[in-house]
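Colleague: Could you walk me through reading a few features here? I'd like the general idea each time, then the case itself.

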Number of protein chains: 4
Amino acid sequence: MLVNVLCLSLVGELWIKHLTMDSKEVKIFQAGRFIRTDLTLNVVNPYDQSFIATVYLASKKELETAISEAEGVKVKLKRMPAYERYNILMYISRQLEVQRDDFAHILMLESGKPLKYAVGEINRSIQTFAVAAEEARRLPRESLSLDWTPAGKQKEGLVRYFPNGLVAGIAPFNFPMNLAVHKIAPAIAAGCPIILKPSSKTPLSTLKLAKIIAETNLPAGAISILPMDRETGNQLVTDHRFALLSFTGSPEVGWKMKSEAGKKKVVLELGGNAGVIVSDSADIKTSVSKCVGGAFSYSGQVCIHAQRLFVQHSVFEEFTKHFIQVTRQLQNGNPASSETDISSMIDEENALRVERWVNEAVQAGARILTGGQRQGSYHPPTVLTDTRSDMKVCHREIFGPVVTLEPYETFDDAIKQINNTRYGLQVGVFTNKIDEMNRAFDQIEVGGVIVNDVPTFRVDHMPYGGIKDSGLGREGLKYAIYDMMEARILVKDF
Amino acid sequence: MLVNVLCLSLVGELWIKHLTMDSKEVKIFQAGRFIRTDLTLNVVNPYDQSFIATVYLASKKELETAISEAEGVKVKLKRMPAYERYNILMYISRQLEVQRDDFAHILMLESGKPLKYAVGEINRSIQTFAVAAEEARRLPRESLSLDWTPAGKQKEGLVRYFPNGLVAGIAPFNFPMNLAVHKIAPAIAAGCPIILKPSSKTPLSTLKLAKIIAETNLPAGAISILPMDRETGNQLVTDHRFALLSFTGSPEVGWKMKSEAGKKKVVLELGGNAGVIVSDSADIKTSVSKCVGGAFSYSGQVCIHAQRLFVQHSVFEEFTKHFIQVTRQLQNGNPASSETDISSMIDEENALRVERWVNEAVQAGARILTGGQRQGSYHPPTVLTDTRSDMKVCHREIFGPVVTLEPYETFDDAIKQINNTRYGLQVGVFTNKIDEMNRAFDQIEVGGVIVNDVPTFRVDHMPYGGIKDSGLGREGLKYAIYDMMEARILVKDF
Amino acid sequence: MLVNVLCLSLVGELWIKHLTMDSKEVKIFQAGRFIRTDLTLNVVNPYDQSFIATVYLASKKELETAISEAEGVKVKLKRMPAYERYNILMYISRQLEVQRDDFAHILMLESGKPLKYAVGEINRSIQTFAVAAEEARRLPRESLSLDWTPAGKQKEGLVRYFPNGLVAGIAPFNFPMNLAVHKIAPAIAAGCPIILKPSSKTPLSTLKLAKIIAETNLPAGAISILPMDRETGNQLVTDHRFALLSFTGSPEVGWKMKSEAGKKKVVLELGGNAGVIVSDSADIKTSVSKCVGGAFSYSGQVCIHAQRLFVQHSVFEEFTKHFIQVTRQLQNGNPASSETDISSMIDEENALRVERWVNEAVQAGARILTGGQRQGSYHPPTVLTDTRSDMKVCHREIFGPVVTLEPYETFDDAIKQINNTRYGLQVGVFTNKIDEMNRAFDQIEVGGVIVNDVPTFRVDHMPYGGIKDSGLGREGLKYAIYDMMEARILVKDF
Amino acid sequence: MLVNVLCLSLVGELWIKHLTMDSKEVKIFQAGRFIRTDLTLNVVNPYDQSFIATVYLASKKELETAISEAEGVKVKLKRMPAYERYNILMYISRQLEVQRDDFAHILMLESGKPLKYAVGEINRSIQTFAVAAEEARRLPRESLSLDWTPAGKQKEGLVRYFPNGLVAGIAPFNFPMNLAVHKIAPAIAAGCPIILKPSSKTPLSTLKLAKIIAETNLPAGAISILPMDRETGNQLVTDHRFALLSFTGSPEVGWKMKSEAGKKKVVLELGGNAGVIVSDSADIKTSVSKCVGGAFSYSGQVCIHAQRLFVQHSVFEEFTKHFIQVTRQLQNGNPASSETDISSMIDEENALRVERWVNEAVQAGARILTGGQRQGSYHPPTVLTDTRSDMKVCHREIFGPVVTLEPYETFDDAIKQINNTRYGLQVGVFTNKIDEMNRAFDQIEVGGVIVNDVPTFRVDHMPYGGIKDSGLGREGLKYAIYDMMEARILVKDF
């Protein structure tokens with residue numbers, strides 16, 4: 001049985017009525033209005049390629065309107081009292097709770113994510129909005145004494161943080177809802193207008209969210225959710241009217257954007273090839289169960305997917321045996337079923353890439369401990385061993401249901417192998433030894449060291465983000481809000 | 001008499017023995033060693049063009065050594081306990097205190113800064129190191145409960161901040177000592193190695209500081225102070241081994257660097273055309289006295305120089321009369337004299353530029369209330385009125401001893417004029433009205449609103465920096481340290 | 001028209017259906033059970049002395065059971081994860097919102113508080129629970145570096161705060177709901193069991209609250225709400241099993257309790273004779289309107305009732321004229337009417353005391369500017385002038401609808417008069433001058449200086465409490481929670 | 001060789017010139033003056049009963065003058081800018097550093113504390129003043145948004161903390177210097193005048209400190225250091241002019257004071273019978289070495305003396321063997337020798353009491369593993385086993401060089417035994433298991449859980465203090481300062 005590490009269910013309920021979309025035509029959300037444009041796109045179910053809906057794409061013209069209306073509400077948003085921001089964010093959170101099943105269903109359809117993970121993602125978004133509501137009452141502020149030298153005698157400072165302007169948000173397909181919410185919710189809390197570009201593969205859940213947003217008394221220009229083609233979307237990067245670009249996606253795209261971003265601030269939430277260390281002091285059963293979850297949930301299409309497992313040699317055999325056994329129990333099937341653990345990848349192109357990397361590894365000497373044949377966009381959960389760090393399955397972000405499993409001698413060796421990558425997002429360390437925990441925290445070059453859990457662990461208010469090539473900056477409401485604001489000090493006599 | 005707003009004298013003593021440099025040849029500081037190179041540069045006294053010393057310039061080769069040695073001490077610096085960082089920083093602070101007069105003298109010679117301001121700057125550097133010492137014991141850390149949803153049950157987070165690697169610092173000529181110290185001191189506190197490029201005009205005081213640094217038990221690679229030509233210096237911007245670029249200088253150069261900086265973080269402390277509002281509720285005598293200081297200290301070669309004065313119409317005449325009177329009392333002369341208020345600018349090129357901008361303004365309708373003839377690199381303190389916002393003396397950073405003085409009707413008008421610029425560093429607001437203070441803080445687009453003092457006000461631990469085109473990020477020890485560190489969360493059961 | 005300073009209506013709706021109590025017999029809440037006892041008490045409407053309900057009183061026996069069951073759930077409460085505490089507190093908050101009208105009606109009946117104020121109090125309790133929910137996720141925690149000397153090398157500290165045990169809460173009649181909630185809500189957030197003694201005059205609203213509490217999954221022993229006679233109640237003070245006594249009530253009673261409290265911590269929220277300063281820079285109309293509210297809402301039966309008004313002599317006449325005029329417009333009548341501004345005091349005994357103090361003042365030279373004849377427990381709003389600080393209406397807490405109105409010459413005089421009392425809760429200062437605001441904050445000996453509003457101002461998350469004889473400690477969720485917890489440091493290697 | 005856990009040597013230097021006191025007559029420090037009185041007391045060396053000096057005692061009259069002068073400087077102290085507080089505290093810290101040897105010598109003489117511990121204590125006091133200096137720049141302040149409900153719209157709060165008045169400090173004999181400094185230094189930082197009563201046995205080091213204090217520009221009334229007899233000293237408890245009583249000493253005295261303290265705040269730093277757990281995952285050699293230090297340094301006359309050792313049964317024998325061996329190596333002798341590890345207790349009365357308790361334990365079945373004959377005030381280091389929790393050596397604070405050493409089966413058993421006491425100061429837990437660390441922190445009822453070190457561990461800026469009968473409140477600069485200050489909120493529009 002798969003331990004569901006990502007599914008932060010508030011109620012635990014997984015039954016979903018089988019909805020159809022309200023309509024087969026989905027308008028996009030431009031500054032408070034739902035509009036049609038001249039460009040359309042068909043969204044399909046990755047599982048069976050069935051048509052879900054036609055969605056519109058924004059062109060330069062629609063984007064321009066969204067930008068100029070966003071500019072127009074900046075002062076109004078800045079002045080919005082905390083209780084209004086709170087009320088808006090809590091309203092959205094509660095409505096999401098009410099409509100949880102509908103949202104999970106659409107999310108499952110557009111992303112191919114098994115239903116229980118889809119419910120988990122909606123639950124997380126409910127929480128992300130609720131935490132943002134609380135943070136809207138706790139925007140950064142600071143009071144400072146300034147009389148540390150005679151020059152500051154009788155003076156004090158009050159630092160308030162003001163919204164720094166229009167935010168450009170770009171969200172990926174893998175958590176189409178919650179990773180968009182990690183940009184929208186802090187923008188509302190901070191008082192910044194935002195234009196969000198969802199992934200063209202998965203725009204439906206955020207456009208459904210737009211309906212709830214439209215019911216609040218946010219000024220119309222505050223939020224736009226606009227699917228765009230890449231060329232139009234590039235204006236989010238280059239247009240000087242955006243004060244901040246917040247991008248979640250692939251490292252290559254992200255770093256390029258940074259160099260084209262002009263004067264604006266840039267936050268990058270990119271990917272990696274996260275590792276796990278299992279020490280012989282850990283509980284094997286628990287670590288196997290959690291690692292299988294970290295490796296294969298949503299077919300590994302997760303930035304903090306557990307890709308590289310290093311197990312202490314003395315327990316390697318036992319761990320491996322159990323790991324394979326639990327992996328083989330994963331239920332493959334239609335994501336719409338609440339029994340399904342693993343389903344199709346987002347598209348066949350990606351499944352083909354994963355297959356290619358696995359084959360390359362095998363040709364270079366790796367062994368497949370469990371796996372199977374790719375079928376269309378479905379790639380079975382695959383475990384490799386005898387890998388080397390120069391194989392793509394090791395040193396690149398696989399973003400698929402593949403893990404490598406290798407023994408290590410000493411904990412220092414394990415750390416060295418974990419660090420042997422240009423990425424640094426999170427790491428899981430299973431151990432009951434204080435000194436191993438301390439060394440892991442001190443020496444592993446990542447944004448998060450997760451003890452006795454998988455790197456895939458994330459709760460929405462914790463600081464989350466990578467170092468090295470995995471990103472720049474942190475999300476997690478308070479941290480994202482901080483990046484969306486600008487310090488201003490008032491110096492006065494007292 | 002000029003109120004010395006910048007001179008944060010800890011002891012008030014201004015007498016200076018007339019030193020000569022220890023030697024006419026000044027070696028540069030490469031990773032703990034004082035070295036000669038193949039390139040030299042003559043440093044001259046801006047007041048009389050007399051030769052002060054020959055200094056060496058680093059070439060690519062010397063820079064490369066500095067970088068690789070810096071890389072080599074990263075782990076050692078990261079592990080250095082707080083008490084060692086504290087002891088090193090306090091040692092430097094105390095030695096600066098002991099050698100205050102010598103430092104002030106050299107600073108005066110290389111920059112042409114009147115002696116009392118030079119002493120003030122050294123006093124500030126003493127404080128900057130002392131505050132950094134304290135902050136080294138208070139590096140950012142955070143403890144978080146994670147059990148906000150069932151997913152985080154029995155888990156807690158500890159966020160520690162680790163040094164994010166090698167820092168490139170670029171310092172300007174106008175505060176050659178303290179603005180370099182605002183990069184060096186936080187780097188030591190944070191545990192980052194740093195390579196600092198001082199201005200080629202004023203490298204002597206920081207190279208003298210290097211002698212104190214060399215006496216501490218910082219590992220050799222931790223600090224390099226390397227004058228360089230612009231081409232060599234550009235490697236500080238582009239080399240991917242630097243994790244952070246911290247630049248203080250002109251807006252044009254700064255923003256260009258940001259686009260060339262690759263994956264590294266960038267902090268920019270740039271300039272502006274800071275304004276002042278004088279309301280009729282303010283004390284006129286005090287505000288005149290402070291404004292003259294803010295306008296003409298170090299010939300206005302200060303990022304937060306008070307350039308644009310707006311005075312409520314009902315007190316405009318009285319303010320203007322006093323302002324001119326006090327301005328005319330400023331003592332012009334050799335910076336080596338403790339009587340001197342104003343002396344030469346950094347070079348004739350800049351004095352010529354200021355003269356040209358003043359002439360352009362006059363031709364376009366401005367009137368000179370007091371001023372005089374430029375002589376070489378000396379430009380007399382100049383007050384203009386009847387200016388328009390499209391004149392260079394208004395909308396560009398004059399970086400010279402020139403202010404514009406204009407009346408305003410309503411406080412809202414004054415705010416509008418203050419904001420009518422692409423810069424936003426600091427503003428001074430003289431008022432005794434609560435509502436004017438509040439509106440200024442809420443509406444003026446700057447990094448700092450200084451009530452009843454000039455925009456030129458700065459104490460070293462306050463958050464300092466600009467918005468709009470005036471910069472990105474904040475200095476002020478705690479804030480600079482934060483930028484030099486990277487969050488890492490430890491998630492564990494409790 | 002009376003500005004309602006206390007009524008923090010979230011929805012602004014004041015219409016109330018005329019409820020009768022569910023039952024004329026009200027059981028008390030002992031460790032999760034609603035019980036009868038051998039002692040009863042009749043609660044009557046202070047307005048017309050009509051019978052509302054019979055309530056039971058706890059004897060030693062019932063109290064003993066409550067204490068021992070509370071002791072029994074301490075570990076369970078300590079371990080309760082944040083999300084459960086949050087869910088419980090938010091559930092109560094939302095249920096209060098749903099039942100707002102019913103709660104307001106009962107509160108009005110038992111306290112004689114005019115309906116609009118009763119609604120305001122319930123609205124505040126909704127907020128008090130919601131803020132406590134948020135604080136339950138943010139219980140105090142601290143991470144410390146310890147390596148400030150070699151003794152602490154490689155060590156770090158984690159400070160967590162643990163619930164410090166059983167809390168005894170004693171609440172007064174004047175805000176029977178919200179001042180009880182200020183003890184119950186933080187206790188739930190902190191994880192402390194609590195036994196609350198409501199005022200015998202007004203136990204009904206908190207006992208109705210108990211019904212909501214009983215629906216949550218708090219362990220049964222966590223909360224008891226037990227009306228008691230004074231002798232039984234004294235055990236809350238002396239019994240060593242209580243770790244904290246939190247008392248809101250009169251100074252005399254409070255300070256005596258402190259000396260009898262043994263080893264437990266004591267928090268005292270007592271009363272005062274709060275003052276107001278109105279400077280000639282203030283807006284007269286606004287200050288009159290707010291001051292009338294601060295003086296007469298709930299007949300001045302408010303700890304931070306505006307009792308002593310000092311008005312700058314130049315505007316004294318104008319202020320006085322308006323103040324009398326607005327005071328005379330107050331609607332007197334049945335508290336059940338939403339038109340009523342002022343109604344009966346809590347009982348005739350108190351009305352008689354107020355009448356006596358007013359008469360004494362008049363005999364000693366004071367003049368009545370407006371007032372009238374007491375009728376039963378109704379005392380009309382009364383304004384006195386020509387008072388002296390040794391009159392009871394000045395130096396004691398009047399807790400009735402009486403204010404003194406006196407002119408002052410200089411702001412320093414006004415401060416001196418405000419400080420001339422053994423109390424120090426809050427003060428209101430109406431001014432537009434920065435220097436007056438600063439002097440007031442620096443020199444007035446109180447827990448809160450309220451600029452441009454009455455001392456009666458309170459929002460529920462701000463730190464609230466008095467100095468001098470007005471109390472010990474602060475309430476306001478975060479602060480109350482802090483007092484209910486105990487620091488424990490974990491020192492470990494890193 | 002004894003690991004010196006308390007000796008936080010900054011320089012490591014232990015050589016001391018053999019000083020005599022400056023004078024055999026020591027005046028006491030009354031509000032800035034050194035005075036004689038009518039009462040005297042002879043201070044003797046506990047080691048050989050030799051006369052050290054005659055010191056004066058304050059009577060009611062001298063105390064009265066000290067109190068009224070302290071009252072007179074309250075406003076002046078409150079207004080003292082941060083840089084002056086900082087300069088005063090740093091001056092004292094540096095002078096202590098300069099005179100370290102002299103201070104250590106006097107401390108050794110009056111307390112009988114072996115020289116190396118005396119040096120360690122002075123080093124700590126140097127640090128305590130330096131940290132207080134830093135905290136004087138960081139006095140508690142808070143900026144709050146208040147617009148969480150419409151009632152707070154456009155309002156913000158600034159919370160500043162003001163000194164709460166005159167502090168009464170009572171210090172014990174065992175750390176005559178540093179525990180007095182833990183009251184004096186925060187009082188200076190907070191801006192509170194303080195009257196300190198040192199122990200009559202050990203008043204000399206603090207009176208020597210007074211000489212340094214007198215050289216600063218603290219106003220004269222700010223500090224008094226007055227030895228007194230118990231009756232006079234009782235006024236520190238009862239006099240209402242003291243706002244805070246800060247007592248370090250025995251539990252019996254402390255809790256009695258609380259009940260007599262009237263309206264003032266009370267902080268109690270009392271004793272305990274601290275325990276240690278040694279798990280089989282710990283390094284035995286290190287834990288033995290540290291435990292011997294924690295047990296016998298300064299003959300166990302330490303509030304956090306390691307009194308009760310519980311060792312996991314599997315390593316009990318090995319631990320015991322080493323423990324006895326290292327204990328027997330302790331050098332007994334003249335405290336003036338830097339070789340001495342253990343010397344006389346403070347007086348014969350205490351040595352007799354310890355002897356009596358050990359004898360009682362033996363008669364009740366305990367066995368002495370190592371020990372020996374008391375000689376005068378010297379009691380040899382003694383290790384007992386086969387003890388029971390109802391023996392005085394277990395359940396009372398022995399405050400002498402005696403430890404009990406017992407095996408335990410499970411970690412839960414060990415926790416149960418550690419908790420089986422009415423005290424709760426600190427505990428040491430030697431383990432390398434994460435789960436044991438977590439359970440210890442969660443379940444052991446103390447103020448501090450010290451992992452892999454003895455309960456005797458303390459660095460001066462950490463929060464330190466007990467729960468249960470071991471005290472009330474925390475010291476550790478920041479925490480002590482907080483207790484000496486009173487919150488005041490400024491509510492204003494923004």
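Colleague: Which backbone nitrogen lies 2.9 Å from a polar atom of the side chain of B:Glu121?

Modeller: Keep in mind that this is a predicted model. A pair of N or O atoms has to be within 3.5 Å to be read as a polar contact. Here the nitrogen belongs to the backbone of B:Met177, 2.9 Å from the side chain of B:Glu121.

Colleague: Is B:Glu121 buried or exposed?

Modeller: Buried means under 20% relative accessible area, and B:Glu121 has 1%, so it is buried. This residue sits in helix H5 (residues 115-136) of chain B. Leaving aside residues up to four places away in sequence, B:Glu121 touches several others, among them B:Leu107, B:Lys113, B:Phe175 and B:Met177.

Colleague: And what does B:Thr206 touch?

Modeller: Not counting residues up to four places away in sequence, its contacts include B:Met177, B:Ala180 and B:Ile225. B:Thr206 belongs to helix H7 (residues 204-215) of chain B and is buried, at 0% relative accessibility.

Colleague: Now to helix packing: at what angle do H5 and H6 of chain C pack?

Modeller: Two packed helices are described by the angle between their axes and the distance between the axes. For H5 (residues 115-136) and H6 (residues 178-190) of chain C, the angle is about 15 degrees and the axes are 9 Å apart. That makes H5(C) roughly parallel to H6(C), because angles under 35 degrees count as such. Their crossing is right-handed.

Colleague: Which residues make that contact?

Modeller: H5(C) contributes residues including C:Arg124 and C:Phe129, while H6(C) brings C:Val181 and C:Ile184, among others. The contact residues divide into seven nonpolar, four polar and two charged.

Notes
Residues numbered from 1 in each chain as written. Chains lettered and ligands numbered in written order. Predicted model: local features only at pLDDT ≥ 70, side-chain atom pairs only at ≥ 80, totals over all residues. Heavy atoms only, no water. Axes fitted to C-alpha atoms, helices over the stretch in contact; angles between N-to-C directions. Helix = DSSP H or I, 4+ residues; strand = E, 2+ residues; numbered from the N terminus. Parallel < 35°, antiparallel > 145°, perpendicular 65-115°, else oblique. Left-handed = near helix turned anticlockwise from the far one by under 90°. Contact = heavy atoms within 4.5 Å. Nonpolar A, V, L, I, M, F, W, Y, C, P; charged D, E, K, R; others polar. Buried < 20%, exposed > 50% of the residue type's maximum accessible area, 1.4 Å probe, protein only. Polar contact = N/O pair within 3.5 Å; in protein donor to acceptor, adjacent residues only side chain to side chain.
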